Amino acid sequence: MNLRGKDVLSFTRLRVLLMLFHTMAQIMAEQEVENLSGLSTNPEKDIFVVRENGTTCLMAEFAAKFIVPYDVWASNYVDLITEQADISLTRGAEVKGRCGHNESELQVFWVDRAYALKLLFVKESHNTSKGPEATWRLSKVQFVYDSSEKTHFKDAVSAGKHTANSHHLSALVTPAGKSYECQAQQTISLASSDPQKTVTMILSAVHIQPFDIISDFVFSEEHKCPVDEREQLEETLPLILGLILGLVIVVTLVIYHIHHKMTANQVQIPRDRSQYKHMG
């Protein structure tokens with residue numbers, strides 16, 4: 001019995017050690033993050049990189065702004081009026097992240113953790129007429145804000161921590177193995193724990209890839225958002241039409257020149273019969 005008891009105790013200790021090792025490994029993996037925002041030429045854009053086992057597993061470049069409504073007392077201290085705080089994601093933010101086969105996460109904190117942004121990405125496989133196809137998407141956004149922070153909020157009535165969450169979100173949908181790129185602004189509505197308040201998140205200059213990164217610090221082929229593709233077409237269409245018009249003009253001038261040269265070399269037959277005596 002003593003031997004069996006010792007074996008059980010040793011097994012229990014080993015199990016606890018393995019659990020601690022697994023937990024520490026996860027913590028170490030979460031800590032392999034870098035804020036490379038200083039490399040961006042756009043002062044409003046941040047660059048975040050998550051690395052696990054020495055390789056890049058998530059890259060994100062974007063500018064983010066949050067429009068947060070909050071209540072303040074009117075001058076009569078009886079009525080409430082709604083003000084608006086514009087909160088931008090700033091450089092030098094603290095960042096955490098984790099990567100998985102089908103789920104990845106990025107967390108960003110700034111202004112002494114008065115504000116926190118969490119982005120959750122999932123990769124899914126769907127059956128289509130062409131066979132199974134895998135895509136990834138942004139499935140959840142959570143924004144935590146402290147309305148007692150004095151830089152953006154002025155005398156908020158319900159001052160304190162509030163959490164704003166997305167609802168049934170499916171954004172930035174991208175084929176697996178590609179990165180998502182969109183320069184245009186995109187808005188996502190978040191329901192706040194502050195009653196009857198909706199926070200608006202505005203993303204712009206986005207370039208994100210949370211799965212299947214092949215090379216360190218290098219995005220895979222871009223999947224552009226429809227707005228960017230339309231704007232690119234609108235920009236290139238006048239150029240294409242100008243080239244076609246120019247080509248038509250050149251061809252017309254060449255044909256005219258050839259026709260004019262051919263007709264100039266032809267012998268002119270006089271219409272007046274009296275002129276025939278002068279010929280020969």
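Visitor: Which strands each supply at least two residues of the lining of the largest pocket?

Guide: They are β3 (55-73) and β13 (198-209), and β3 gives the most, with three residues. Before we go on, please keep in mind that this is a predicted model, in which local features need pLDDT of at least 70 and side-chain atom pairs count only at pLDDT 80 or more, while totals for chains, interfaces and linings use all residues. Residues are numbered from 1 along each chain as its sequence is written, and side-chain values use heavy atoms, with hydrogens and water left out.

Visitor: Why is one space called a pocket and another a cavity?

Guide: The search uses a 1 Å grid over the protein atoms alone. A cavity is a set of points where a 1.4 Å probe fits but cannot get out, whereas a pocket is an open set with protein on both sides within 12 Å along at least five of seven lines. Rolling a probe the size of a water molecule over the atoms shows where empty space is left.

Visitor: How much space lies in the largest pocket, and which residues line the largest pocket?

Guide: About 190 Å³, where a volume is the space filled by probe spheres set on the points, and points are joined across faces, edges and corners. A lining residue has an atom within 4 Å of a point; among those of this pocket are Pro-43, Lys-65, Arg-91, Gln-185 and Ser-204.

Visitor: What is the lining of the largest pocket like by class?

Guide: There are five nonpolar, four polar and three charged residues. Ala, Val, Leu, Ile, Met, Phe, Trp, Tyr, Cys and Pro count as nonpolar, Asp, Glu, Lys and Arg as charged, and the others, Gly among them, as polar.

Visitor: How many cavities of 30 Å³ or more does the structure hold?

Guide: One, and the largest cavity has about 30 Å³ of space. Phe-62, Leu-119, Phe-121, Leu-138, Leu-172, Met-201, Leu-203 and Ile-208 line the largest cavity. β7 (115-128) and β13 each give two or more of these residues, with β13 giving the most, three. The lining has eight nonpolar residues, no polar and no charged.

Visitor: What makes a set of residues a nonpolar core?

Guide: Its members are buried Ala, Val, Leu, Ile, Met, Phe, Trp, Tyr and Cys residues joined through side-chain atoms within 4.5 Å. Buried means under 20% relative accessible area, exposed means over 50%, and partly exposed is in between (1.4 Å probe, protein chains only). The largest nonpolar core has 48 residues, and Phe-62, Phe-66, Leu-106, Trp-110 and Phe-143 have the most contacts inside it. β3 gives the most to this core, with nine residues. Apart from it lies another core, of six residues, including Leu-36 and Met-59.

Visitor: Which residues does Phe-143 touch?

Guide: Among them are Phe-66, Trp-110, His-162 and Val-199, leaving aside residues up to four places away in sequence. A contact means heavy atoms within 4.5 Å.

Visitor: How do you know that Cys-57 and Cys-99 form a disulfide?

Guide: A disulfide is a pair of cysteine sulfur atoms within 2.5 Å; the sulfur atoms of Cys-57 and Cys-99 are 2.0 Å apart, and the pair qualifies. The torsion about their S-S bond is about 75°, so the disulfide is right-handed. Cys-57 lies in strand β3 and Cys-99 in the loop between β5 (94-98) and β6 (103-110), so the pair ties together parts 42 residues apart in sequence.

Visitor: Are Cys-57 and Cys-99 buried or exposed?

Guide: Cys-57, at 14% relative accessible area, is buried, and Cys-99, at 18%, is buried too.

Visitor: Which residue does a disulfide join to Cys-182?

Guide: Cys-225, with an S to S distance of 2.1 Å. The S-S torsion of Cys-182 and Cys-225 is about 70°, so this disulfide is right-handed. Cys-182 sits in strand β11 (residues 179-182) and Cys-225 in the loop between β14 (222-224) and α2 (226-265), so parts 43 residues apart in sequence are tied together.

Notes. Helix = DSSP H or I, 4+ residues; strand = E, 2+ residues; numbered from the N terminus.
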